[in-house]
Amino acid sequence: MAPHPTIQAIIDTTAGAIGGTACVLSGQPFDTTKVKMQTFPKLYRNFFHCFMSTYREGGLRGFYKGTTPAIVANISENAVLFLSYGLCQDVVRYVSKTDKGAELSDTQKASAGSLASIFSAMVTCPTELVKCQLQAMHEMESSGKIVSGQRSTPWTVVKTVLKTSGPLGFYQGLTSTIVREMPGYFCFFGAYELCRSKFARYMGTDKDSIGVLPLMFSGGFGGACLWLVVYPIDCVKSRIQVHALTGRQAGFIKTFMGIIRTEGFTALYSGLTPTMIRTFPANGALFLAYELSRKFMMEAAGA
């Protein structure tokens with residue numbers, strides 16, 4: 001028996017938050033490297049150079065700058081994403097005239113994920129702006145774009161944004177976030193569900209019983225498909241949000257064309273290596289934590 005809609009919403013939100021925490025803790029060092037390479041592609045020769053430079057400058061702590069807003073971002077994003085994902089599946093059922101509670105196809109679930117990403121983008125944008133600015137603070141100071149020697153904590157960044165741009169300053173990069181999320185999460189959920197279906201068919205079981213390793217691989221595969229499709233958009237978003245430290249930035253189209261014109265198309269893929277390395281452990285941990293915690297809570301609720 002399905003639990004009460006309120007209980008179902010709480011379960012989906014909690015499982016999403018647990019998955020988001022697991023994702024950050026397992027992938028943050030690679031995410032920090034990605035943001036640095038996206039924002040300053042000429043400063044680092046390759047992933048290894050950026051990784052070692054970050055380690056020399058700040059040790060292991062250097063990789064975890066921006067972890068607090070990253071955890072807040074991922075908990076918020078995945079809590080809203082998976083809550084909306086469940087609700088958007090009902091919307092897809094209504095539009096496709098499918099019976100309530102009926103199993104959706106992989107493509108329909110991908111569509112529900114894409115729709116849900118609009119809501120998650122609203123909570124992701126402000127926290128990602130703080131995270132990206134903290135991660136690239138050293139490079140902004142060393143390049144002379146901002147005054148060096150300032151104390152950099154999540155709270156100081158929040159106060160600076162409020163002082164210079166007001167509350168709406170946290171939504172610099174919102175357009176590029178939504179442009180990234182909608183196709184990205186279509187690929188993310190579509191690839192994840194498709195991969196689980198293939199494993200289930202091969203193993204002769206249902207998708208909920210494929211085991212830990214196939215589940216983690218499916219999550220990693222979904223993440224890899226997401227980043228391969230939307231990486232240039234994410235690069236533009238990172239530029240806008242990090243350089244917002246110097247004041248309000250140009251919009252998505254102007255920033256995108258400026259990068260193409262001055263640095264070439266390849267600059268949009270700077271930092272792709274650490275992103276692809278990160279995607280399997282981080283997204284594998286995300287879906288493993290989400291599915292296991294959700295299954296536990298559903299059983300506890302008597303579903």
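1. Buried means under 20% relative accessible area, exposed means over 50%, and partly exposed lies in between, using a 1.4 Å probe and protein chains only. Glu-181 has 4% relative accessibility, so Glu-181 counts as buried.

2. A word on the basis. This is a predicted model, in which local features need pLDDT of at least 70, side-chain atom pairs count only at pLDDT 80 or more, and totals for chains, interfaces and linings use all residues. Residues are numbered from 1 along each chain as its sequence is written, and side-chain values use heavy atoms, with hydrogens and water left out.

3. Where does Glu-181 sit? Glu-181 belongs to helix α7, residues 174-203. Helices here are DSSP runs of H or I with at least four residues, strands are runs of E with at least two, and both are numbered from the N terminus. Residues up to four places away in sequence aside, Glu-181 touches Glu-77, Ser-117, Ser-120, Ala-121 and Thr-124. Contact means heavy atoms within 4.5 Å.

4. Now look at Gly-271. The loop between α9 (252-263) and α10 (272-300) holds this residue. Gly-271 counts as buried because its relative accessibility is 3%. Which residues does Gly-271 contact, leaving aside neighbours within four places in sequence? They are Lys-34, Met-37 and Tyr-231. Gly-271 and Phe-30 are 241 residues apart in sequence, and their C-alpha atoms are 9.2 Å apart in space.

5. Next, the aromatic rings. A pair of aromatic rings is described by the distance of the centres and the angle of the planes. Rings of Phe, Tyr and Trp (its six-membered ring) pair if their centres lie within 6.5 Å; planes under 30 degrees apart are stacked, over 60 edge-to-face, and the rest tilted. The whole structure has 21 aromatic pairs. In one of them, the rings of Tyr-231 and Tyr-269 have centres 6.2 Å apart and planes at 20 degrees, so this pair is stacked. Tyr-231 is in helix α8 (residues 212-243) and Tyr-269 is in the loop between α9 and α10, so the pair ties together parts 38 residues apart in sequence.

6. Are these two tyrosines buried or exposed? Tyr-231 is buried, at 0% relative accessible area. Tyr-269 is partly exposed, at 32%. Tyr-269 also pairs with Phe-265: the centres are 5.8 Å apart and the planes at 55 degrees, so that pair is tilted. Phe-265 is partly exposed, with 48% relative accessibility.
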